[in-house]
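Below is a short briefing on one protein model.

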Amino acid sequence: MREALAEALRAEAAGEVPVGAVVVSGAAIVGRGYNQPITSGDPTAHAEVVAIREAARVVGNYRLTGARLYVTVEPCVMCVGAMVHARVGTLVYGAPEPKAGAVLSGLAALNHASLNHRVEVVASVLADECRAVIQRFFQTRRQQANDPMPADR
């Protein structure tokens with residue numbers, strides 16, 4: 001999860017919502033990603049999808065059977081779909097996402113009866129640290145929006 005947190009900080013430095021992810025196969029990190037829909041102009045460039053894409057290229061297969069995906073914030077429904085299609089074995093996430101979370105919080109998408117693959121879930125790993133990163137980002141954004149004279153003027 002610490003590696004996923006490092007990826008989240010890369011997203012924050014790029015001006016993106018700070019979510020980071022890594023895919024681990026065996027003992028090796030085979031994919032890394034951070035949120036980049038703004039900088040890439042790609043609405044699907046969530047940290048999880050970026051990490052899954054890289055992992056698939058590295059292992060040479062779009063099936064990541066048995067791999068573990070570590071992500072700092074509970075994934076959305078799009079990312080849950082990507083995990084199922086990639087056959088990720090285990091999802092480990094940090095902070096819950098009460099509005100858009102599609103694992104346990106808002107929508108239990110991984111439990112849908114029609115899915116042909118089940119992903120094991122481990123929730124709230126380093127949750128406080130993961131939550132702090134995302135909260136700090138949005139606090140700063142709100143302060144900037146309310147600042148009548150930004151520092152860069």
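The points that follow are grouped by topic. The model is predicted. Its disulfide count is zero, and its largest nonpolar core has 26 residues.

**Cysteines**
- A disulfide needs two cysteine sulfur atoms within 2.5 Å.
- For Cys76, the closest cysteine sulfur is that of Cys79 at 3.8 Å, which is too far for a bond.
- The sulfur of Cys130 also has Cys79 as its closest cysteine partner, but at 15 Å, so a bond is ruled out by distance.
- Cys130 is buried, with a relative accessibility of 2%.

**Nonpolar cores**
- Within the core of 26 residues, Val23, Ile52, Leu69 and Leu91 have the most contacts.
- Two or more residues of this core come from each of β1 (20-25), α3 (47-59), β3 (68-73), α4 (77-86) and β4 (90-95).
- Another core, of 11 residues, lies apart from it and includes Val24, Tyr70, Val92 and Cys130.
- Beyond four places away in sequence, the residues that Val23 touches include Ile29, Val30, Ala51, Ile52, Ala55, Leu64 and Leu69.

**Helix α3**
- The 13 residues of α3 should span 18 Å at 1.5 Å a residue, and the distance of 18 Å between its end C-alpha atoms agrees with this.
- Its buried residues are Ala47, Glu48, Val49, Val50, Ala51, Ile52, Ala55 and Ala56.
- These buried residues of α3 pack against β1, β2 (28-34), β3 and α4.

Note on methods
Residues are numbered from 1 along each chain as its sequence is written. This is a predicted model: local features need pLDDT of at least 70, side-chain atom pairs count only at pLDDT 80 or more; totals for chains, interfaces and linings use all residues. Side-chain values use heavy atoms; hydrogens and water are left out. Buried means under 20% relative accessible area, exposed over 50%, partly exposed in between (1.4 Å probe, protein chains only). A nonpolar core is a set of buried Ala, Val, Leu, Ile, Met, Phe, Trp, Tyr and Cys residues joined through side-chain atoms within 4.5 Å. Helices (H or I, at least four residues) and strands (E, at least two) are DSSP runs, numbered from the N terminus. Contact means heavy atoms within 4.5 Å. The expected span of a helix is 1.5 Å times one less than its number of residues.
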